[in-house]
Amino acid sequence: MKGVVFNILEDMVTEKGGLQMWQKVLDKAGVDGGYTAVSTYSDDEMFSIVGAVVEELGIPAEEVIGAFGVYMFGQLASRYPVFTDSASDLFTFLESIDSVIHLEVKKLMTETNLPSISCTREGEKLLVMNYRSPRKLCILAEGLIYGAAEHYGYGIKIDHPVCMHKGADHCDLQVSLIDE
Ligand code: ZN
């Protein structure tokens, strides 16, 4: 996983509990920190840190990962505006992730372990995203989608009836627009 993801997690934890909390998290995870945006670090290292954040904050892992997804989207959108500038609304953006975004991310980060996502529109207010990833980070994907909805100014809910964590070979993320 790219260092930029670690940098964004550091920002989130630091905003919440200051540098002391980040240091505590690193100690608990048994890692040194000091991540460089474009370098690659092991997924296990990220999971250790997330585990330490979960312990430190005393909230469930799913909540931490979901909140991280929302936060990460905002950070990525401001660091790399090219990703969001190319789409004018939420569904168009989500549909562009697999082709445009991942291509750009690959150029930028030489990332090779990205999930594959395909989208189907089921009407004006429902988009079904088929998510496959060896990392099974569908909760992070949900957080990112919520972050994207915030960015584009939509209220959404996500149903997740099919999930790799329940033995399926993919996840279905049903993104519905809701009136606010
Ligand atoms: Zn899932």
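The expected span of a helix is 1.5 Å times one less than its number of residues, and helices (H or I, at least four residues) as well as strands (E, at least two) are DSSP runs numbered from the N terminus. The structure described here is a predicted model, in which local features need pLDDT of at least 70 and side-chain atom pairs count only at pLDDT 80 or more, while totals for chains, interfaces and linings use all residues. Residues are numbered from 1 along each chain as its sequence is written, and side-chain values use heavy atoms, with hydrogens and water left out.

| Helix | Residues | Number of residues | First to last C-alpha | Expected span |
|---|---|---|---|---|
| Helix 2 | 43-57 | 15 residues | 21 Å | 21 Å |
| Helix 6 | 138-152 | 15 residues | 21 Å | 21 Å |

In helix 2, the residues that are buried (under 20% relative accessible area, with exposed meaning over 50% and partly exposed in between, for a 1.4 Å probe and protein chains only) are Asp 43, Met 46, Ile 49, Val 50, Ala 52, Val 53 and Val 54. These buried residues pack against helix 1 (3-29) and helix 3 (61-79), where contact means heavy atoms within 4.5 Å. Just after helix 2, Gly 58 takes a positive phi of about 65°.

Among the buried residues of helix 6 are Cys 138, Leu 140, Ala 141, Ile 145, Ala 148, Ala 149 and Tyr 152. Helix 6 is followed by Gly 153, whose phi is also positive, near 80°.

**The sheet**

Two strands pair if DSSP finds at least two bridges between them. On that basis, four strands form an open sheet in the order 1-2-4-3, with antiparallel pairing. Strand 1 (116-121) and strand 3 (155-162) stand at the edges, each with a single partner strand, so one side of each is left without a neighbour in the sheet. Neighbouring strands are turned against each other by 25° on average, direction ignored, where axes are lines fitted to C-alpha atoms, for helices over the stretch in contact, and angles run from 0 to 180 degrees between N-to-C directions.

Strand 1 is joined to strand 2 by six bridges, and Ser 116 stands opposite Arg 132 in strand 2. The hairpin of these two strands has four residues between the strands, and in it Gly 123 takes a positive phi near 115°. Six bridges also join strand 2 (residues 126-132) to strand 4 (residues 171-178), with Asn 130 opposite Asp 172 in strand 4. Helix 6 lies across strand 2, strand 3 and strand 4, and runs at about 160° to strand 3.

**Leu 90**

Leu 90 is found in helix 5 (residues 90-109), and it counts as buried because its relative accessibility is 0%. Leaving aside neighbours within four places in sequence, Leu 90 is in contact with Ala 148, Ala 149, Tyr 152, Tyr 154, Ile 156 and Leu 177. Although Leu 90 and Leu 177 are 87 residues apart along the chain, their C-alpha atoms are separated by 9.5 Å.

**The largest pocket**

The largest pocket has a volume of about 180 Å³. Its lining includes Ala 61, Glu 62, Ile 65, Cys 138, Ile 139, His 160 and His 165. Helix 3 and helix 6 each supply at least two residues of this lining, and the largest share, three residues, comes from helix 3. A pocket is, on a 1 Å grid over the protein atoms alone, an open set of points where a 1.4 Å probe fits, with protein on both sides within 12 Å along at least five of seven lines, and lining residues have an atom within 4 Å of a point. Grid points are joined across faces, edges and corners, and a volume is the space filled by probe spheres set on the points.
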